[in-house]
Amino acid sequence: MAAVMPAPAASRHLLSGNEAVARAVWEAGVKVAAAYPGTPSTEMLEEIATYPDLYAEWSVNEKVSLEVAIGAAYAGSRAFCCMKHVGMNVASDALMTLTLTGVSGGLVIAIADDVGLSSSQNEQDSRYWGRFAHVPVFEPADSQEAYAMTLDAFALSEQFQVPVILRMTTRINHVKSIVTVGERVPHTGAGFRKDPARYVMVPGNAGKRIPLMFQRDRDLRVVAENSPLNFIEPGSDRRVGFITSGPAYMHVKEAFPDAPVLKLGFSCPAPFEKCRELAALVDQVVVVEEVEPLLETELKAQGIAVIGKEILPLQGELSPAVLRPAIARLLGEVLPESEATTALQLFPRPPTMCVACPHLGVYYTLSQVRNLNISGDIGCYTLGAGHPWQAMDTCVSMGASMGIALGMDKGRGESDKDKRVVAVIGDSTFLHMGMQGLLDMVYNKGNVTVLLLDNRAVGMTGGQDNPGNGRDIHGNDAPRIDFAKLVSALGVKDERIHVVNPYELPVLFKTIREEVKVPEVSVIITDQPCVLIKDYHKLKPYAVDEDKCTGCGNCIDVGCPAIHVTRRGKEVKASGREVDLAFVRIESSVCTGCGLCLQPCAPKAIEHYVPSAPIQFAKGGCQA
Amino acid sequence: MSATTNILVVGIGGQGVMTATEILAEAAIALGHDAKKTEVAGMAQRGGVVSSHLRFGERVLSPQITPGSADVLLGFESAEAMRWQHMLKKGGITLMNTARLVPPVVELGLFDYPDDPLAEIRKTGNKVVAFDATTIAQELGDIRLGNTVMLGAIADHLPFGAEVLLDCVLKRFARKGEKLVELNRRAFEAGRAAVGAAEAALA
């Protein structure tokens, strides 16, 4: 049950933006909510699924999730869909025509932009979808607004029969602040009313809907001009006024408490007259937006004199610390010296794979096979590009490992003629957008070895269920996909399909080495679960017999964070070559006995740990 | 303390940094403060750096703590406490666990872990109190009590009484039985006492 679900109306809670939206979705009487996990959006649907009186699903990708929501909204019910910024690239095919049909029941699409790239492959600005698809965009500035704007968005969606985008960023999705919640208002769907001229978008019908879309733009701009979500705070220091939206508003208020501010909550279509009103109040107008100069460009085109990205960064998060010096320079002021000292220099601490992660065996093996070009994909296993394995050469978008591998094969240059092309993809990414690429690879007779890492979870986002593990969003039984049958159905020859245990290194090594030699599509499926999900079972931990350890360091190359160096040394080999030695210990309190490290251990110095006292397991799998 | 109190809690993914900050936020809210909590922790579940920001006061706007303005830095790991020193304001204090969690990039020999992070922090002139929260937790019988030890450690460096925070901690365990509540109470008090003793020794 959701933490806030039983909470009565008017009670106050510390909620993340994601939790606040979830509460509002439930209060709005939404009947269908669908999403594919993606940081920083994931917790919205996770939270929604804990509420009663609605249907929630993990869809296989964002396009399907939007289509499910569209169907529910066509059927007259309220529907909700959420995704991370790059998810909308996948879903946009549906969005760009949805804008012509419009909706019957309210439809709100929450898009979470990862400004600052905490866990994404790019930093695109989802506000553009509002302009591109001609749909309104709301931008909350904290959890309370995320909650309230979600409710407002459903009302606007139904009033104009248009989907509404709720544009969030990491600093809204993941920031917890106080929210006063309200009461649920049940919403009864009108039912699906057949209307081919509206819902069947063939050219003759679609062409007639386009002028309606443009008229809607004009109508919505009038609403935006008068919306209470767009307001001017007149301030007292009229030298610089700000036009801003989303979390940037909070930074502006913090840095310049006395400045006039136009805050845009209903930011698309932009209320140009309101912007002129602000401009008339002040000497100079600065547009503060994350991240592209979108509103700035529109205002300049309107002939409104504004300053924006000339003085503010085009990349990354804004903050009071970024804004203060930029505005001081604009005004020719000297800022008082900051109390901040320079950061002390320290090693980096990049994310690592977990102790006993089944991917460790895969990447250790790949790092030992020569002459590979490895096309990677998006998930925990992207970490395989890092140390110590460095066994991934490309990562672009969900499912891209397939097509890119085929392209690398077909487009190989003279220097790569003896290279083997390998693609690495996780189970959920494969189902999301990889299947089509594999079909293409088979159909076009590619020469690629595909490693399909089935760990039965969407690992990176927290181990969500998917069709690969046979559980639905509530953890109930669901049909489970059989990957070997699936790839066989896509045309991979049965003798080229291997299911292997990634903890058995000799088998894995032999299978990969043999398959890369075969000049056709092979699929090697690894079948052990993510260590963070309930399917994983811990085994007896190991320890290093320090008297036997010779310091060869082979175990360190596995990359398990439970292995620690106790001392280093040097040894001169018979050949005269000097080699570095690293003597190790295993942190037995976090080791779960996967046995990967003992397989490359030359002196057989790793044995089951014999505790002198009862073991206290640390919580989680990543502490080391 | 300034009108808005800024508390920075740092450590490594999986250590419970975010939960600890959330409990601190609950205590501030219980006293009627406005509060915002935020972190940069995208892939922190995988053993990366976590820095969790808590700001509370009459009205909090930006959720991020500006470098040079943190009142207290609570470090769950010693090198991480060192990493964020530039966030402290002049006169701010670091309360740090002496635990050393060495990442794979150091084990691989690519980088060095500092020999003595505490000494490096002292060199900056910032006030710092160090204690061994992990051992305290182990002596109480469960390494998982480390979180509560850390919260006890910060209890006397807040603009409100320790009891409010203790209440918020214990509320989390209320449903899990009196035994666990009592253990956490002891862990909290042990953290408080450890910081108190370390400060007395410095004075």
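Which residues touch the most other members of the largest nonpolar core? Of its 240 residues, those are A:V25, A:I48, A:A69, A:C81, A:A110, B:L73 and B:A153, where a nonpolar core is a set of buried Ala, Val, Leu, Ile, Met, Phe, Trp, Tyr and Cys residues joined through C-beta atoms within 7 Å, and a residue is buried if 20 or more other C-beta atoms, placed from the backbone, lie within 10 Å of its own. This is a predicted model, in which local features need pLDDT of at least 70 and side-chain atom pairs count only at pLDDT 80 or more, whereas totals for chains, interfaces and linings use all residues. Residues are numbered from 1 along each chain as its sequence is written, and chains are lettered from A and ligands numbered from 1 in the order in which they are written.

- Leaving aside neighbours within four places in sequence, A:V25 is in contact (C-beta atoms, placed from the backbone, within 7 Å) with A:V30, A:A33, A:I48, A:F80 and A:T150.
- An open sheet of seven strands with mixed pairing runs in the order β3-β2-β4-β5-β7-β6-β12 (chain A); strands (E, at least two residues) and helices (H or I, at least four) are DSSP runs numbered from the N terminus, and two strands pair if DSSP finds at least two bridges between them.
- Because β3 and β12 (266-268) of chain A stand at the edges, each with a single partner strand, one side of each is left without a neighbour in the sheet.
- Strands β6 (residues 137-138) and β7 (residues 164-169) of chain A pair in the parallel sense over two bridges, with A:V137 standing opposite A:I165.

**Domains of chain A**
- Chain A is divided into domain 1 (12-226), domain 2 (230-331), domain 3 (358-526) and domain 4 (542-608), with bounds that come from an automatic or database domain assignment.

**Contact between chains A and B**
- In the interface, 57 residues of chain B are in contact with 51 residues of chain A, and β2(B) supplies the largest share of the chain B side, seven residues.
- Strand β8 (residues 176-180) of chain A pairs with β2(B) in the antiparallel sense over two bridges, and A:K176 stands opposite B:K37.

Notes: Buried ≥ 20, exposed ≤ 12 C-beta atoms within 10 Å, placed from the backbone. Contact = placed C-beta atoms within 7 Å.
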